[in-house]
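This short report covers a metal site and a helix. The sequence and structure come first.

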Amino acid sequence: MASQSILVPQLSTVPNHEGAASLMLRWLVHKNVVDGQLSTCCRGGNGMGYAIAEGARRVVRHPDRLPFDEKLNGLRIVTHRCIYTPQKGFLEEAGCPNCRREVGEPLFESLDEWYPGYTNNFTCPLCGFEDDINGFLFLQPCGFSNLGFIFEGWGEARFTEKFVADFAERLDWPVRQVEVHF
Ligand SMILES: [Zn+2]
């Protein structure tokens, strides 16, 4: 039943992403969504993150499903290039926004070039349309960025649309919400 809600800017290379990470952390702490002190409350990395705080109840649709009683309940901010996809039942489908055809297979293969930073873009092999890989269409939301905000165990609680919109406004860039269920 483990789950994550991940907010990812729809941009491969966020300029000054370390600064953006600090800005967003300060905003989340100010709203009391997470605690400002690092603690061991996350999976992955070194397990360190910012634990859930009372204000989290105001930013989700189902506050009773928040992981207050869980050990893994915090926010981990990733500041290196990373690929975020749903885990269970992920179909690796993607569509071209120009010709509207299915390009999932070549797109996910192209991540071998994207991940080391050789490119930010993907080119549709069917029509030649090129854009940041985040500009393609994903029925199951995915994210590809050097910045990501992983909320550990928050998947069942569901962020409100207003919170996601406020988050994007504060970050000054559209974000995609990736839901991961293990
Ligand atoms: Zn195309």
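## Zinc site

Cys127 is partly exposed, at 33% relative accessible area, and Cys99, at 21%, is partly exposed as well. Buried means under 20% relative accessible area, exposed over 50%, and partly exposed in between (1.4 Å probe, protein chains only). This is a predicted model, in which local features need pLDDT of at least 70, side-chain atom pairs count only at pLDDT 80 or more, and totals for chains, interfaces and linings use all residues. Residues are numbered from 1 along each chain as its sequence is written, and side-chain values use heavy atoms, with hydrogens and water left out.

The zinc ion has as protein donors the SG atoms of Cys96, Cys99, Cys124 and Cys127, lying 2.3 Å from it. Donors are N, O and S atoms within 2.8 Å of the metal (3.2 Å for Na, K and Ca); water is not among the atoms, so sites may look incomplete. Along the chain the donors of the zinc ion have the spacing C-x2-C-x24-C-x2-C.

## Helix H4

Helix H4 spans residues 161–171, and its buried residues include Phe163, Val164, Phe167, Ala168 and Leu171. Helices (H or I, at least four residues) and strands (E, at least two) are DSSP runs, numbered from the N terminus.

Asp172 follows H4 and has a positive phi, near 70°.
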